[in-house]
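Here is a short tour for anyone who likes to read backbone geometry with a model open alongside. Take a look at the sequence and structure, then read on.

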Amino acid sequence: MEHGTPPEERNQRGRKFIGVMFECCSIYGRVYYSESKKGYFGACPMCHRKVNVKVDPEKGVDARFFRLKPGS
Ligand SMILES: [Zn+2]
């Protein structure tokens, strides 16, 4: 593990997540890290549009907050 502040946060059970602004519904939510898929996967809590944020294992993610545009 690198030194410095990791961009991820963890919930009480230790699952990593990142905060995401779902622009489709202008709502803030969380997506959780999948160890098997090496990325953050989740869905909009309103319209259930699936999102994923792939993570470079070397660099990690460089932002803790993502804006997800519809159709991207
Ligand atoms: Zn939505």
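## Contacts along the chain

Among contacts in the protein between residues at least 6 apart in sequence, what percentage join residues at least 24 apart? In this predicted model, the share is 29%.

## Overall make-up

Let's start with the secondary structure: the protein has six strands and zero helices. Read from the N terminus, the order of elements is β-β-β-β-β-β.

As for burial, the protein has 72 residues, and 8% of them count as buried.

Strand β4 covers residues 39–43 and strand β5 covers residues 50–54. The two pair in the antiparallel sense, with five bridges between them.

H48 belongs to the loop between β4 and β5, and its phi is positive, at about 65 degrees, although H48 is not a glycine. Is H48 buried or exposed? H48 is exposed, because 10 other C-beta atoms lie within 10 Å and the cut-off for exposed is 12 or fewer.

K38 sits in the loop between β3 (27–34) and β4. Though not a glycine, K38 has a positive phi of about 55 degrees. For context, most residues other than glycine have a negative phi.

K38 has 11 C-beta neighbours inside 10 Å, so K38 counts as exposed.

Notes: Residues are numbered from 1 along each chain as its sequence is written. This is a predicted model: local features need pLDDT of at least 70, side-chain atom pairs count only at pLDDT 80 or more; totals for chains, interfaces and linings use all residues. Helices (H or I, at least four residues) and strands (E, at least two) are DSSP runs, numbered from the N terminus. A residue is buried if 20 or more other C-beta atoms lie within 10 Å of its own, exposed if 12 or fewer, and partly exposed in between; C-beta atoms are placed from the backbone. Two residues are in contact if their C-beta atoms, placed from the backbone, lie within 7 Å. Two strands pair if DSSP finds at least two bridges between them.
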